[in-house]
Every structure is written in C-alpha cells, then in structure tokens.
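Morning, everyone. Please look at the model on the screen, and I will walk you through it.

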Amino acid sequence: MVGSSARESEETGQGGKIDRPPTRRGKFITFEGIDGAGKSTHIDAAIDLLRSEGFKVVSTREPGGTPLGEKLRELVLHEPMHLETETLLMFAARREHIVCVIEPALLRGDWVVCDRFTDATYAYQGGGRGLDVAKIETLERWVHGNLQPDLTFLFDLSTTVAQWRIQTQGKDTDRFEQEKADFHARVREAYLSRASRFRRFCVLDADQTRDEIKKLIEESVLSYCSQ
Ligand SMILES: Nc1ncnc2c1ncn2[C@@H]1O[C@H](COP(=O)(O)OP(=O)(O)O)[C@@H](O)[C@H]1O
Ligand SMILES: [Mg+2]
C-alpha cells in the first residue's frame with residue numbers, strides 16, 4: 001500500500017485506516033539583507049545545490065511570487081504611498097503567495113527558497129520607516145500563523161558598499177533603493193536585531209568575493225541538509 005494515495009487507500013474499504021506514510025514537509029529557506037547585499041546573485045547557486053542533492057525546489061521571491069503578487073510588487077516598489085498602505089500590500093501579496101505557492105509546495109514535500117519574506121517587513125517598514133512593530137506582529141500572526149522559515153541567510157553588508165554596488169550595476173532603482181544611507185543603516189540594524197533573536201538565522205559577512213560567499217552558502221546548505 002505504500003505509495004498509493006490516501007484516497008485510494010480509503011476506497012479499498014479496509015477499515016478506513018490510511019497506511020500511507022505522511023508526506024514529509026519540505027523546508028522553507030529565505031534570503032534576506034539590505035538592497036545590494038548580494039541575495040539575488042547567490043540564490044540560484046543554493047537552489048542548484050539543493051537540486052543536485054535530490055530535493056525538488058520552488059524558487060520564488062517577495063514581494064511577488066504569484067501573478068497578483070508581481071502586480072502588487074510593481075506598485076509597492078514604484079508608487080508613492082502611505083506607510084501603512086505599503087505594509088498592508090506587502091502582506092496581501094504574502095497571503096496570496098503563501099496560499100497559492102508556499103504552503104502547497106511545502107505540503108508536497110518540496111523545498112521553497114524565497115528571496116525575502118516577513119523579516120524584510122520588520123526590517124524595512126519597521127526598522128527603516130519606523131512602523132510600530134506591534135502592527136507588523138499582528139499582520140504576521142494573521143497572514144502566516146505558525147509558518148516561519150526554517151533557515152534564513154542574512155547577507156550583512158555596510159550601507160556604503162551596498163550603495164556603491166547598486167549605483168555601479170546601472171539598473172533603474174526602486175523606492176527603497178533610492179532611500180538615503182541612514183534608512184539602509186536602520187534596515188540593517190533591524191535585520192541584525194532579528195538575527196540575534198531567532199536561531200534560524202545564518203548571518204553572512206557579505207563583504208567578501210562572490211566565490212567566498214558562494215562557498216559559505218554551499219557549506220551551510222549542505223550542513224543543513226545533513227541534519
Ligand atoms: N560579493 C560581491 N562582490 C561584489 N559585487 C557583488 C557581490 N555580490 C553581488 N554583487 C553585485 O552587487 C549588485 C547587487 O547584488 P544583488 O545580488 O542584486 O543584491 P540584492 O539582491 O541583495 O539586492 C549586483 O550588481 C551584483 O553583481
Ligand atoms: Mg535582489
């Protein structure tokens with residue numbers, strides 16, 4: 001009976017007992033850090049490594065990750081708005097993302113690797129813009145209850161180096177990247193404060209070469225997989 005679906009097992013009429021082992025829930029890994037710290041540069045290598053280890057991996061990002069979420073992303077990254085509106089839109093996109101993508105994937109046993117999640121709301125809207133953290137906590141409880149990342153890579157970098165990287169990459173900047181250095185310094189501090197509270201964080205010194213950081217991430221991912 002191993003390998004048959006629960007429905008098939010129930011339909012056998014053998015006392016209604018489902019003898020299929022429960023699917024092992026996948027793991028949820030997030031990448032966090034200030035703009036320019038190197039998250040997007042390194043996320044694919046981590047995903048490739050997990051796939052080479054035999055895991056099915058869903059690669060996604062926030063805000064975004066669904067068709068509606070990507071539309072909301074465009075709004076929050078480029079449209080001026082009130083801080084509370086910005087926060088609510090982030091959580092609206094997140095709810096859609098969790099229901100449509102993250103939870104189904106984890107329940108299938110896939111791993112989910114996400115470029116930013118709720119830590120970013122604490123860092124940007126809380127630390128950077130000064131929104132009352134209690135409001136973020138309320139929305140967090142409402143929108144994702146017990147769901148938390150299992151492992152979070154925090155790319156820690158000085159705002160000076162991060163700004164230099166953003167300016168030299170020559171892309172159009174968004175509302176957050178356009179903020180001044182003191183905003184990014186507060187975001188960084190808020191991230192570090194969360195990292196000191198939650199054991200799921202792995203803080204990386206992002207002021208190293210790409211190869212050095214890639215090696216550190218690969219070591220951490222392999223060590224996490226072997227637990
Ligand atoms: N270790 C590194 N050393 C130098 N430049 C880097 C490094 N990691 C990323 N970059 C560059 O910095 C810029 C921002 O990187 P990115 O991965 O987009 O940051 P994030 O996604 O955290 O905002 C890109 O131009 C990228 O090529
Ligand atoms: Mg990025």
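**Around the ligand**

The residues in the shell around ligand 1 split into three nonpolar, eight polar and four charged. Here Ala, Val, Leu, Ile, Met, Phe, Trp, Tyr, Cys and Pro count as nonpolar, Asp, Glu, Lys and Arg as charged, and the others, Gly among them, as polar.

This is a predicted model: local features need pLDDT of at least 70, side-chain atom pairs count only at pLDDT 80 or more, and totals for chains, interfaces and linings use all residues. Residues are numbered from 1 along each chain as its sequence is written, and chains are lettered from A and ligands numbered from 1 in the order in which they are written.

Which residues come nearest to ligand 1? Of the 15 around it, they are Gly38, Ser40, Thr41, Arg165 and Gln169. Being near means a C-beta atom, placed from the backbone, within 6 Å. Two elements give two or more residues to this shell: helix H2 (39–52) and helix H9 (210–225). H2 gives the most, with three. Helices are DSSP runs (H or I, at least four residues), numbered from the N terminus.

Next, confidence. pLDDT is the predictor's confidence in each residue, from 0 to 100. The protein's mean is 91, and 90% of its residues reach 70 or more. Over residues 1–15, pLDDT stays under 50. Where pLDDT is low, the predicted coordinates should not be read in detail.

Notes:
Contact = placed C-beta atoms within 7 Å.
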